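Subject: Structure handover

Dear colleague,

Here is the structure I said I would pass on. My notes on it follow below.

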Amino acid sequence: MAGAELIGKEECKEVMDVLGTGVFARYSFDKERQGIWKVRDFEKAFAKYFGSAYALGVTSGSAALKVALTALDVGPGDEVICPAFTFMATYEAVLEVGAIPVMADIDDTLNLDPDDIPNKITPRTKAVIPVHMCGAAARIDKILKVAKKHKLLILEDNAQGCGASFRGKMLGSFGQMGIFSFDHYKTITTGEGGMIITDDLDLYHRAEWYHDHGHDHLSTVHRALDGRTIIGFNYRMNEFQGAIGLAQLRKLGRVIAAQKKNKAALKEALAPVSGVKFRMIPDPEGDSATFLAFNLPERKQAMIFQKALKAEGIDTTCFKDNLWHYVPNWEHFLAKATAQTKTAFNDPRNRRVAYSRKAIPHAEDLLGRTLIMGVGVKMPAAKLKAMRQGIARAAATL
Ligand SMILES: *Cc1c(COP(=O)(O)O)cnc(C)c1O
């Protein structure tokens with residue numbers, strides 16, 4: 001679990017700085033905070049690392065999606081194209097702003113298929129959310145081209161691809177806006193937390209104002225004297241999250257280098273297994289290597305191999321069977337069961353959108369015979385050796 005594996009004295013020191021001032025909020029208390037601005041520093045360091053003009057810390061990756069969609073003016077009456085393979089938050093965020101998520105197929109990258117976008121476009125389509133699942137890029141160059149042709153906005157959900165890149169450019173920095181998550185499972189973690197990046201000052205302002213009740217943060221005197229242009233809400237990151245984020249960001253390069261090494265060793269063990277093919281990664285150099293995904297020619301074989309690996313103590317996930325990351329398995333979502341009775345789903349002005357397995361044939365086939373294993377930062381030689389032997393024994397059952 002990546003960054004969470006490396007939490008140590010660097011994070012402690014950063015957190016102690018915050019405890020020492022007694023100011024846990026990111027804004028104001030200029031005198032009391034004794035020059036300590038952890039969220040601000042984290043944002044600056046993050047923007048620099050990702051080659052982006054602006055970064056905004058928020059409470060979670062889910063909040064980041066909602067704040068970004070709001071800044072992009074996506075709302076009631078709009079449709080947003082999202083891949084069938086993603087975490088639920090992508091779809092939830094679209095609903096949260098009053099828009100309708102439209103499900104599209106994946107390609108051999110396991111990410112949004114650029115060729116399926118035109119099939120899902122209607123006059124109401126406003127944006128596309130490519131999701132860089134399991135640490136590696138979608139065919140983002142092609143997706144950008146399709147979006148440009150059809151005048152659609154791009155919000156990259158890069159919650160799972162922090163530190164990954166495509167042809168030398170960081171994922172998250174391709175679209176109008178990009179978001180990251182720092183929950184416990186992600187490549188770097190602040191417990192809960194998220195980040196939005198953009199090169200567009202106007203979008204940055206709209207996000208920044210919205211995420212803090214409309215405060216324009218231009219007052220040099222006191223927060224109570226801030227001006228405001230738009231109505232907002234509260235999605236503010238706190239100083240502890242900023243502090244831990246600073247320490248974790250410094251470790252991101254190390255996390256990815258270690259994962260790449262470990263992934264290469266696991267790949268070597270799987271390569272000789274008859275029928276095994278690896279996930280298409282558009283730019284292997286830019287892979288963050290948090291996961292290793294491979295497939296077998298038939299679902300039946302994949303199921304047999306998964307069981308045999310499990311018997312060897314090697315866990316893999318088949319995401320066609322996963323309850324949280326594959327739209328056709330979200331029974332509450334398919335039932336359009338919301339807490340409120342009046343939502344985008346049952347607004348008579350909206351199009352009735354179906355989430356049928358028939359609309360995503362490639363996902364139905366490929367995800368059903370793909371197995372995915374997590375790649376750790378700390379995988380000692382003895383563990384890798386045991387896994388290699390386990391893989392070889394499991395392969396004998398095929
Ligand atoms: C984790 C995740 C999110 C949500 O992030 P949180 O910080 O957990 O709210 C959004 N999208 C994807 C693809 C994720 O994996």
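The largest pocket is lined by 25 residues, and R26, Y27, W37, R40 and H217 are the ones nearest its centre. A pocket here is an open set of points on a 1 Å grid over the protein atoms alone, where a 1.4 Å probe fits, with protein on both sides within 12 Å along at least five of seven lines; lining residues have an atom within 4 Å of a point. The space in this pocket is about 650 Å³, the volume being that filled by probe spheres set on the points, which are joined across faces, edges and corners.

This is a predicted model, in which local features need pLDDT of at least 70 and side-chain atom pairs count only at pLDDT 80 or more, while totals for chains, interfaces and linings use all residues. Residues are numbered from 1 along each chain as its sequence is written, and side-chain values use heavy atoms, with hydrogens and water left out.

Back to the pocket: helix 2 (38-49), strand 1 (54-58) and helix 7 (201-210) each supply at least two lining residues. Helix 2 gives the most, with four. Helices (H or I, at least four residues) and strands (E, at least two) are DSSP runs, numbered from the N terminus. By type, the lining has 10 nonpolar, six polar and nine charged residues. Nonpolar covers Ala, Val, Leu, Ile, Met, Phe, Trp, Tyr, Cys and Pro; charged covers Asp, Glu, Lys and Arg; the others, Gly among them, are polar.

Next, the cores. The largest nonpolar core has 68 residues, of which F85, L155, M177, I196 and Y355 touch the most other members. Helix 3 provides the largest share of this core, seven residues. A second, separate core of 23 residues includes L292, A302, L309 and M373. A nonpolar core is a set of buried Ala, Val, Leu, Ile, Met, Phe, Trp, Tyr and Cys residues joined through side-chain atoms within 4.5 Å. Buried means under 20% relative accessible area, exposed over 50%, and partly exposed in between (1.4 Å probe, protein chains only).

Beyond its neighbours within four places in sequence, M177 is in contact (heavy atoms within 4.5 Å) with residues including A68, L72, L155, I196 and L203.

In helix 4 (residues 89-96), A89, T90, Y91, A93 and V94 are buried. The buried residues of helix 4 pack against helix 3, strand 2, strand 3 (100-104), strand 5 (153-157) and helix 10. G98 follows helix 4 and has a positive phi, near 90°.

Last, the charged pairs. The count is 27 salt bridges, each a side-chain nitrogen of Lys or Arg within 4 Å of a carboxyl oxygen of Asp or Glu.

- D73 and K126 pair at 3.8 Å, N to O. D73 is in the loop between helix 3 (61-71) and strand 2 (79-83) and K126 is in strand 4 (residues 125-128), so the bridge ties together parts 53 residues apart in sequence.
- R167 and D141 have their closest N and O atoms 3.4 Å apart. R167 is exposed, at 62% relative accessibility, whereas D141 is partly exposed, at 26%.
- R393 and E312 have their closest N and O atoms 2.9 Å apart. R393 lies in helix 12 (residues 381-395) and E312 in the loop between helix 9 (299-311) and helix 10 (331-334), so this pair joins parts 81 residues apart in sequence.

Regards
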